[in-house]
Amino acid sequence: MVEIIGITGGKGGTGKSTIATALASALSKKSKVLLVDADVECPNDHLLLGIEREFLKEINQRIPRFDLDKCTKCGKCGKVCKNNAIVSIEGKAPIFMENQCNGCGACEYVCPSNAIQWGSKSLGKIHKGKKDNIQFLSGDLKPNQMLAETIVGALNKEIIQIKERFDFIIIDTAAGAHCPVIEALSYADKVFSVTEPTPLGAHDLDIILSLLKQLKKESNIIINKSDVGDRKIIEELAKEYKRKIILEVPYSKEIIDSYTNEKPIEIPSILNIIKE
Ligand code: SF4
Ligand code: SF4
């Protein structure tokens with residue numbers, strides 16, 4: 001039965017991708033592994049592993065199209081739009097700001113003159129790839145688009161369709177505790193929060209551990225660059241949230257060399273984290 005593992009962390013740059021790619025690489029020596037880069041605003045796992053990505057599908061979102069011949073300039077669509085995507089003043093034609101729109105449909109619902117139809121726009125793409133025994137998926141949100149969670153949701157649909165082919169699915173999330181991260185962790189059986197022993201790392205770990213508690217996700221902590229900073233601040237959080245520090249990865253030149261050479265990173269004992 002497939003096990004889905006989320007790799008997350010409140011702060012950017014703590015090493016989520018390092019851990020996700022190293023875990024995928026170690027597991028793939030004996031198991032079938034799918035690595036999913038769900039950091040759709042800044043996907044980089046393919047760069048770390050030297051994967052040549054192929055286009056898999058376009059992800060679109062519906063957006064309203066206004067028929068100004070039918071529009072009576074009533075102003076209702078602007079009032080109902082919670083995203084401020086329509087500026088609509090009674091007596092004037094509505095002005096639509098496409099990038100603010102999430103396609104909710106409220107404007108069409110309230111329009112009394114059937115002046116709103118549906119079109120679509122591209123939000124981004126999903127790519128696939130392969131490296132040795134690792135199958136790979138990644139999402140790319142187009143610049144200046146807001147709905148990262150829609151791309152992550154499309155990745156989740158792909159995962160659901162193919163998950164039975166794998167022993168492990170590793171999902172590398174974005175930083176933060178916002179909608180795209182929550183969406184990326186929807187199907188995770190267990191989650192590892194990657195942090196570093198600094199006040200900033202601890203602050204953001206606090207936020208992500210609080211989120212994981214609310215999501216009722218089984219989770220433990222990985223400290224990256226564990227020899228730089230003060231481990232005690234992470235220990236205190238682990239105690240507060242009743243989580244284990246399950247792996248510590250010291251700063252290492254070999255890891256930097258692996259990045260540079262697009263080689264899978266080897267972290268001794270990384271496989272122990274899935275046995276806990
Ligand atoms: S679909 Fe929703 S978000 Fe988009 S313009 Fe209409 S009300 Fe606003
Ligand atoms: S609700 Fe319909 S009729 Fe009223 S301003 Fe908007 S598009 Fe025009």
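Two strands pair if DSSP finds at least two bridges between them. Strands (E, at least two residues) and helices (H or I, at least four residues) are DSSP runs, numbered from the N terminus. By these terms, strand β9 (residues 190-195) and strand β10 (residues 218-224) pair in the parallel sense over six bridges. This is a predicted model: local features need pLDDT of at least 70, side-chain atom pairs count only at pLDDT 80 or more, and totals for chains, interfaces and linings use all residues. Residues are numbered from 1 along each chain as its sequence is written, while chains are lettered from A and ligands numbered from 1 in the order in which they are written.

- Nine strands make an open sheet with mixed pairing, in the order β3-β6-β7-β2-β8-β1-β9-β10-β11.
- β3 (54-66) and β11 (245-249) are the edge strands; each has a single partner strand, so one side of each lacks a neighbour in the sheet.
- On average, neighbouring strands of this sheet are turned by 20° against each other, direction ignored. Axes are lines fitted to C-alpha atoms, for helices over the stretch in contact, and angles run from 0 to 180 degrees between N-to-C directions.
- In the β9-β10 pair, Thr195 stands opposite Ile223 of β10.

**Around β7**
- Six of the eight residues of β7 are buried (20 or more other C-beta atoms within 10 Å of the residue's own, with C-beta atoms placed from the backbone).
- β2 and β7 run parallel, joined by five bridges. Asp37 stands opposite Ser138 in β7.
- β6 and β7 pair antiparallel over eight bridges. Lys131 has Ile134 of β7 as its bridge partner.
- Two residues separate β6 from β7 in a hairpin, and Asp132 in the turn has a positive phi of about 50°.

**Helices on the sheet**
- Helix α1 (residues 16-27) lies across β1 (3-8), β2 (33-37), β7 (134-141), β8 (168-172), β9 and β10, and runs at about 165° to β8.
- Helix α5 (residues 148-162) touches β2, β3, β6 (116-131), β7 and β8, at about 155° to β7. Contact means C-beta atoms, placed from the backbone, within 7 Å.

**Ligand surroundings**
- Around ligand 1 are 13 residues, the closest being Cys81, Ala85, Cys101, Cys104 and Cys107 (C-beta atom, placed from the backbone, within 6 Å).
- Around ligand 2 are 15 residues, the closest being Cys71, Cys74, Cys77, Cys111 and Ala115.

Methods:
Two residues are in contact if their C-beta atoms, placed from the backbone, lie within 7 Å. A residue is buried if 20 or more other C-beta atoms lie within 10 Å of its own, exposed if 12 or fewer, and partly exposed in between; C-beta atoms are placed from the backbone.
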